[in-house]
Number of protein chains: 2
Amino acid sequence: MSEKENGGSSIPRHAPPKGARTQEQELLYDPNIPTPTHSELARTMVSKIGTGTLCTMSTEPDGYPYGSFVTFAILEGNPIFLISSLAEHTKNLTASSKSSLLVAEAGEGNPLALGRVTLIGDCSRLSDGEVDSARIEFLEKHESASFYVDFKDFHFYRLQVSSVRYIGGFGRMSWVDEQSWFEAESDPLSPFSNDIIEHMNEDHRDAMMICCQNLSKAKDASDAVMTGIDRYGFEMSAITSDGPRPIRLAFRNEATNSEEARSEIVSLVKDARKISET
Amino acid sequence: MSEKENGGSSIPRHAPPKGARTQEQELLYDPNIPTPTHSELARTMVSKIGTGTLCTMSTEPDGYPYGSFVTFAILEGNPIFLISSLAEHTKNLTASSKSSLLVAEAGEGNPLALGRVTLIGDCSRLSDGEVDSARIEFLEKHESASFYVDFKDFHFYRLQVSSVRYIGGFGRMSWVDEQSWFEAESDPLSPFSNDIIEHMNEDHRDAMMICCQNLSKAKDASDAVMTGIDRYGFEMSAITSDGPRPIRLAFRNEATNSEEARSEIVSLVKDARKISET
């Protein structure tokens, strides 16, 4: 996917899931089924991660972009920081509010296949009236900050997001505009997704294999493992005679919690089993 | 430790090891024994890590510091990158070479207690004559890059380090000057340190406890685990009646490989045992 093809604010509902091959290999599922947008994927990613790189304009050496390690929380779509006035980044922000925050997924395998988001905007100190909600949100994410939150040199800052660069891995990237960013919501299944995936892969691989055989084009699937789940559906890696292939199936209704996700998966498995029986 | 106390290019041989308390608690070992300098710690850290955040000057939006995820290798003290001319950071570098690279340690516990280094300087494309050595070094660190190293849009870039900010964790930080950076060498034990630590903690805790009792002020140590090792000595956490306390012991001679490290540790344990016997 070139920069232009999905640049701007377009919402690529057809973005291939992780692991999809970029070669000219036939997709074994319908790419037009509901899929999280880049804004949603980016919001979900930053909501799960608490550390990143804050980029500020260095005053010494002057005029260089300066990267520093920070902890952050997200409040109404904007990252907030609790930083010391003695730190370099804070001195830099006092001279220029121009900044960005890079948030990157950690994981095994090729690091460039992992997701990352750059949030760009102006970062400045919160006014007294804004501190309370920032404090609650920040300490909920970073409990250990309670030991320095009341130090006199520590203050809350907010990066007011005006532009977002999302990279989901090789060739899956776009600029997300301000409006899409603030309208998007972090995936409600995100806090439970690892548990669901683990459970499905331990106990329900046969059911997923039948789903691949009957609800996708992976007719000869001999095994399937879940690789991802979100409010709109779930993704599997199906073992086929051509090797592992990505499959995505959509839910009938958006799932907003574990129970709804379970019920949507059960419906799909029932559909697949019915086809087996006929 | 304030920014000024150990700022500039000073070489803080007395930097407390990881886990040292910052309160006014008596140190249980001699803080003036040989200890890696901040330049050495920083060189060692970047040599172990292959990913970081490249900060460049954004052209769109204009004038903002832009953070992006990159893989890198170190060649003669400078980070080198293999990046696509289609990527945002490469477009940015074409307009301005001003840049920095943040490299951060990963690990458990409080993220702000972990080390990180910012390398600041100008980043530009390598000339044809410089590509060969960069290619070898880069592919040795990032084998998977071999699949795109020959793509026409990928080129090698080098960030020529002119200034270095080192943060070893809470309160342990300094600016490292250019000369110290290039003169410093990554710790020769670094590739083996995890194995040595694991071996010592599995099989030689008694010996380390005796070292703490007789070669440090932790006379009542009831247990000790190794927490770090470098060319100049090793660090332990000694269990005392005041709880866990950091201890550092220096080698008689610099250890440049596992065998020399083993022999230096054996010497220290012998010294400690002799004192027990008298």
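## A run of hairpins in chain B

In this predicted model, strand S9 of chain B (residues 223-230) lies antiparallel to S10(B), and the two are paired over 7 bridges. The link from S9(B) to S10(B) is a hairpin of 2 residues.

Ala238(B) has Arg245(B) of S11(B) as its bridge partner.

## How the two chains meet

The contact between the chains draws on 34 residues from chain A and 35 residues from chain B. On the chain A side, five strands each put in at least two residues: S1 (51-59), S2 (62-71), S5 (98-104), S6 (116-125) and S7 (154-169). S2(A) is the top contributor, with 8 residues. Sorted by class, this side of chain A holds 15 nonpolar, 14 polar and 5 charged residues.

## Chain A as a whole

Chain A has 7 helices and 11 strands. Along the principal axes, its C-alpha atoms fill a box of roughly 70 × 35 × 30 Å. Of its 278 residues, 42% count as buried. Looking at contacts in chain A with a separation of 6 or more, 63% are between residues 24 or more positions apart.

## The nonpolar core

In soluble globular proteins, nonpolar side chains tend to be buried together. In this model the largest nonpolar core has 82 residues, and the ones with the most contacts inside it are Val164(A) and Val164(B). Which residues does Val164(A) touch, once neighbours within four places in sequence are set aside? The list is Ala42(A), Val117(A), Leu119(A), Trp175(A), Val176(A) and Trp181(A).

Pro61(A) belongs to the loop between S1 and S2 of chain A. Chain B has a cis peptide bond too, joining Glu60(B) and Pro61(B) with omega about 5 degrees, and Pro61(B) is in the loop between S1 and S2 of chain B.

Then there's Glu76(A), which isn't a glycine but has a positive phi, near 50 degrees. Its place is the loop between strand S3 (73-75) and strand S4 (78-84) of chain A. Is Glu76(A) buried or exposed? It has 10 C-beta neighbours inside 10 Å, so it counts as exposed. In chain B, Glu76(B) also has a positive phi, about 50 degrees, and is located in the loop between S3 and S4 of chain B. Glu76(B) counts as exposed as well, because 10 C-beta neighbours lie inside 10 Å.

Asn257(A) is in the loop that runs between strand S11 (243-250) and helix H7 (258-277) of chain A. With 13 C-beta neighbours inside 10 Å, Asn257(A) counts as partly exposed. Ile33(A) is 224 residues away from Asn257(A) in sequence, and the two C-alpha atoms are 20 Å apart in space.

The model scores ipTM 0.87 and pTM 0.88. Chain A has an average pLDDT of 91, and 91% of its residues score at least 70. The stretch to watch is residues 1-22 of chain A, where pLDDT stays under 50. The model does give that stretch 43 contacts beyond four places in sequence. Where pLDDT is low, though, the predicted coordinates should not be read in detail.

Note on methods:
Residues numbered from 1 in each chain as written. Chains lettered and ligands numbered in written order. Predicted model: local features only at pLDDT ≥ 70, side-chain atom pairs only at ≥ 80, totals over all residues. Pairing = 2+ DSSP bridges. Helix = DSSP H or I, 4+ residues; strand = E, 2+ residues; numbered from the N terminus. Contact = placed C-beta atoms within 7 Å. Nonpolar A, V, L, I, M, F, W, Y, C, P; charged D, E, K, R; others polar. pLDDT = per-residue confidence, 0-100. Buried ≥ 20, exposed ≤ 12 C-beta atoms within 10 Å, placed from the backbone. Core = buried A, V, L, I, M, F, W, Y, C linked by C-beta atoms within 7 Å.
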